[in-house]
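User: I'd like to learn how to read a structure like this one. Can you walk me through it?

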Amino acid sequence: MSKRITYPNIDMQRTGRKLKHMIESAGYTPRMIQEHLHLSCVQPIYRWYKGLVLPSVDHLFMLSELLGVHMEEFLVKR
């Protein structure tokens with residue numbers, strides 16, 4: 001069984017919900033985000049939304065450019 005990586009200063013579930021809300025509020029679907037980020041499938045986006053993993057720095061940067069917000073606005077502190 002693989003060990004789950006945790007980030008002690010980031011609330012991953014709330015971050016995932018916030019990310020989902022920001023993306024949906026901007027009118028984007030997970031499939032649109034998949035295409036914008038050049039992901040091979042949509043599953044990573046759903047894992048972000050559930051708070052299972054965080055987007056990479058590259059993906060956060062591309063999302064911030066797309067949505068016109070700073071990368072830190074996606075993250076929720078514990």
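User: Which residue follows α2, and what is its phi like?

Analyst: That's His-38, and its phi is positive, near 60°. A helix here is a DSSP run (H or I, at least four residues), numbered from the N terminus. Bear in mind that this is a predicted model, where local features need pLDDT of at least 70, side-chain atom pairs count only at pLDDT 80 or more, and totals for chains, interfaces and linings use all residues. Residues are numbered from 1 along each chain as its sequence is written, and side-chain values use heavy atoms, leaving out hydrogens and water.

User: Which residues of helix α2 are buried?

Analyst: Buried means under 20% relative accessible area, exposed means over 50%, and partly exposed is in between (1.4 Å probe, protein chains only). In α2, residues 30–37, the buried ones are Pro-30, Ile-33, Gln-34 and Leu-37. They cover an arc of only 105° around the axis, so they sit on the same side of α2. That arc is taken from the directions from the helix axis to the C-beta atoms.

User: Why would residues a few places apart point the same way?

Analyst: An α-helix has 3.6 residues a turn, so residues three or four places apart point the same way.

User: What do the buried residues of α2 pack against?

Analyst: Contact means heavy atoms within 4.5 Å. These residues pack against α1 (12–25), α3 and α4 (57–67). Where α2 meets α3, the partners in α3 are Ile-45, Tyr-46, Trp-48 and Tyr-49.

User: How many aromatic pairs are there, and how are the rings arranged?

Analyst: Rings of Phe, Tyr and Trp (its six-membered ring) pair if their centres lie within 6.5 Å; planes under 30 degrees apart are stacked, over 60 edge-to-face, and the rest tilted. There's 1 pair in this structure. The rings of Tyr-46 and Tyr-49 have centres 6.3 Å apart and planes at 90°, so they're edge-to-face. Both sit in α3 (residues 43–50), 3 residues apart, about one turn of the helix.

User: Is Tyr-49 buried or exposed?

Analyst: Tyr-49 is buried, at 9% relative accessibility, while Tyr-46 is partly exposed at 35%.

User: How many residues does the largest nonpolar core have?

Analyst: A nonpolar core is a set of buried Ala, Val, Leu, Ile, Met, Phe, Trp, Tyr and Cys residues joined through side-chain atoms within 4.5 Å. The largest has 15 residues, and those with the most contacts inside it are Ile-23, Ile-33, Ile-45, Trp-48, Leu-63 and Phe-74. Helices α1, α2, α3 and α4 each supply at least two of the core's residues.
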